[in-house]
Amino acid sequence: MARLPAAFAELEPFTDWCLPSEYDRFAKRIDSSMDELQAFYDAAFPRLQESEEYLKGVALDGISDEDRNLLWLFSSLVTVSFPVEVWRQPRVPDSGASSIDVVSAPTP
Amino acid sequence: MPHFTKPTEGSWTEHFGLATEPVSYDDSISPEFYELERDAIFRRTWLNVGRVEQLPRNGSYFTKELDAARTSVLVVRDMKGRVRAFHNMCRHRGNKLVWDDYPREETSGVCRQFTCKYHGWRYDLEGSLTFVQQEGEFFDLDKADFGLVPVTADVWEGFVFVNFDPHAQPLREYMGRLGAGIEGYPFHLMTQKHTYRAEVGSNWKLFIDAFMEFYHAPVLHAKQATEEESRKLRAFGYEALAYDIDGPHAMVSSWGGMSPPKDLSMVKPMERVLRSGLFGKWDGPDIGELPAGLNPARHPAWGTDSFLFFPNFMLLIWKPNWYLTYHYWPTSYNTHIFETSLYFAPPANAYERLQEELAVVTFKEYGLQDGNTLEATQTMLESGAVTAFPLCDQEVMLRHLHKVCREHVADHQARQPATPVRISAAS
């Protein structure tokens, strides 16, 4: 069953990134290989790039399940952009054992 | 040759009458000094424990663990709408009054009265004891004598503060000129809140140090910018637009060329697509004229002002009209809990929500680098191999913070009655 709006059907293979919590999005990034992160980025980034108007038309009040999934998928893409665009590794360089964990965040 | 004008004295440090010699960090590696700070600072100054949005209606409450002040506080909006605080402690036999499954974890909710889990004593929201289980079993117990122990509480611009000093000066007066300068900022409109927490293996002051200077930014965070931009930033170094000090409080005003960048090639692809980044959405909401205390240098390249309201409350207001807070809650001389909340005007649509997400997680990527450095610093300071450290003019706020802490401790010691001298009977 489709989880995303029909116009984003080709991103269905990546819906395991539809995670409502930043904690889970970051954890999945850390647990992924660079190849996995790159594949997700390569598929999703061009769609984000061309979807500004679509996303501006999605009001958060009364957002549909499909659009909400799309929002969480693109939120994951934001998290994944750091390893892909700059770090070349899933973890933040020089961050060692330190962690900063989300306590609460708006949904959405 | 400075890029931005310095005071006529030639440096900010001398302008504020601070010494220029190397600084001791003994105040950050000593268990004894920390014990003094708990009483001298954390039981004697106004501590920001939250915001009024956490108390949306009469009966709303939250608890705050204040290990440094040796207590837990219960903050509540009473039935008349007034914000009150109490030591979170039942008057019967001292049980912590309000907690959920884990006594050391903070909690929040809405209620009409507080009931102790242990023997069922009840208190109304004004703190009065209203019910004692098997009252007849007690000896001359007058419930009026056993209300919750109040803690002075007050609200400034929607920020809720407590103070354990019964002789504390009024909060608004305590916030001083720097506080007055930002009164009227629409904090109450920025209700979209993201909160993060970290346990950090360093003295609490070391993390404030890290966030009160940006001298480190072009180096520690070099890889956060594109390569060419990073080289430029490092060659340029960092200079603040302005610093200010008022009493124990301080602020640094910074430029911020990235919101929006002069040249789109300066920023990462995700920032170009979402028009957002560390400094927030490039096109933030319109909030009208800013209070006079922001961007004190009136510089067109202004990006953010960082305020430290002593001892541990930092407030950063960003040019694209959002703000964040940092709190540093000591748990020992070399550990503390770091909390940060980022506040935005509520996004209208999914695109704006993603702009917000990029600002939030960019902050986190920076913060992870900052946090790790602190543990590295703490362990080497504790080695004692070096005991004095040169601070540059861009680290003027650090010099001030450590001086204010030492002064509070010295004043506290001066107020203590002299320890009686034991005279030996021998000889």
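**Strand and helix at the chain contact**

Tutor: In strand S11 of chain B, B:Tyr196 is the bridge partner of A:Val102. The model is a predicted one, in which local features need pLDDT of at least 70 and side-chain atom pairs count only at pLDDT 80 or more, while totals for chains, interfaces and linings use all residues. Residues are numbered from 1 along each chain as its sequence is written, with chains lettered from A and ligands numbered from 1 in the order in which they are written.

The strand S1 of chain A, residues 101-104, runs antiparallel to S11(B), and 3 bridges join the two. Strands pair when DSSP finds at least two bridges between them. The elements themselves are DSSP runs numbered from the N terminus: helices are H or I runs of at least four residues, and strands are E runs of at least two.

H8(B) packs against helix H4 of chain A (residues 65-87) at an angle of about 30 degrees, with the axes 10 Å apart. H4(A) is therefore roughly parallel to H8(B). The crossing of H4(A) and H8(B) is right-handed. The contact is formed by A:Asp67, A:Leu71, A:Phe74, A:Ser75, A:Val78, A:Thr79 and A:Phe82 in H4(A), and by B:Ala350, B:Arg353, B:Leu354, B:Glu357, B:Leu358, B:Val361 and B:Glu365 in H8(B). It has 8 nonpolar, 2 polar and 4 charged residues.

The terms of this geometry are as follows. Axes are lines fitted to C-alpha atoms, for helices over the stretch in contact, and angles run from 0 to 180 degrees between N-to-C directions. Angles under 35 degrees count as roughly parallel, over 145 as roughly antiparallel, 65 to 115 as roughly perpendicular, and the rest as oblique. A crossing is right-handed if the near helix is turned clockwise from the far one by less than a right angle, and left-handed if anticlockwise.

H8(B) also has a partner within its own chain. Its axis and that of helix H4 of chain B (residues 204-212) come within 10 Å and cross at roughly 130 degrees, so H4(B) and H8(B) are oblique to each other. Their crossing is right-handed. From H4(B), B:Leu206, B:Phe207 and B:Ala210 meet B:Asp370, B:Thr373, B:Leu374, B:Thr377 and B:Gln378 of H8(B). The residues of this contact divide into 4 nonpolar, 3 polar and 1 charged.

One backbone feature belongs to the chain A side of the account. The peptide bond from A:Thr107 to A:Pro108 is cis, with omega near -10 degrees, and A:Pro108 lies in the segment after S1 of chain A.

Note on methods
Contact = placed C-beta atoms within 7 Å. Nonpolar A, V, L, I, M, F, W, Y, C, P; charged D, E, K, R; others polar.
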